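Please open the model in your viewer and keep the selection tool at hand.

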Amino acid sequence: MHQRLEDLRYLYLACQIEEAFEGLERGLEKHLPALLRKQVEMLFQDGPGHTRLKQAFADLNRELAGHESEMAARDVLRVIRDCEVAARDFYRQSAAKLSDPRLADLFRGLAAEEQAHLEAAERALTLAG
């Protein structure tokens with residue numbers, strides 16, 4: 001069951017990445033001249049891959065809901081822990097790349113919050129045995 005939970009995590013992240021970058025692209029689009037906007041308009045269409053991705057996430061989420069009694073708390077906590085590690089690492093790595101010191105401080109603070117979340121997940125894992 002742990003691997004299916006990991007699959008769900010990756011599907012969720014993929015959906016979020018698509019939505020995040022589409023939102024960013026729409027924001028950036030405003031800064032392009034009309035001729036160039038026309039060239040990249042396909043970026044703003046929900047293509048068949050996006051539809052399949054969202055459907056795969058919904059299908060797997062529904063499938064796992066039918067197996068909740070089989071899921072070990074440790075498996076769920078491992079996935080949560082892995083999410084916290086990924087979030088912490090994203091903020092840490094991104095902070096080093098930001099040109100604005102205030103944004104870098106914000107990201108370092110978010111990394112610290114994710115570290116605290118990670119520690120809570122690890123404590124729960126220890127208690128779960």
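**Helix pairs and a pocket**

Select H1 and H3 to begin: their crossing is left-handed, a term used when the near helix is turned anticlockwise from the far one by less than a right angle, with right-handed used if clockwise. The model is predicted, so that local features need pLDDT of at least 70 and side-chain atom pairs count only at pLDDT 80 or more, while totals for chains, interfaces and linings use all residues. Residues are numbered from 1 along each chain as its sequence is written, and side-chain values use heavy atoms, with hydrogens and water left out.

Helices (H or I, at least four residues) are DSSP runs numbered from the N terminus. H3 covers residues 48-65, and H1 packs against H3 at an angle of about 145° with the axes 9 Å apart; axes here are lines fitted to C-alpha atoms over the stretch in contact, and angles run from 0 to 180 degrees between N-to-C directions. To display the contact (heavy atoms within 4.5 Å), select residues including Leu8, Leu11, Tyr12 and Cys15 of H1 together with Leu53, Phe57, Leu60 and Leu64 of H3. The contact of H1 with H3 divides into eleven nonpolar, two polar and seven charged residues, where Ala, Val, Leu, Ile, Met, Phe, Trp, Tyr, Cys and Pro count as nonpolar, Asp, Glu, Lys and Arg as charged, and the others, Gly among them, as polar.

On the H1 side, select His2, Leu5, Glu6 and Arg9, which meet residues of H4 including Asp75, Val79, Asp82 and Ala86.

Where does the largest pocket have its lining residues nearest its centre? Select Leu13, Gln16, Ile17, Ala87 and Phe90, which are among the 13 residues that line the largest pocket. A pocket is an open set of points on a 1 Å grid over the protein atoms alone, where a 1.4 Å probe fits, with protein on both sides within 12 Å along at least five of seven lines, and lining residues have an atom within 4 Å of a point. H1 gives the most to this lining, with eight residues, and the lining as a whole divides into eleven nonpolar, one polar and one charged.

Definitions and conventions:
Helices (H or I, at least four residues) and strands (E, at least two) are DSSP runs, numbered from the N terminus.
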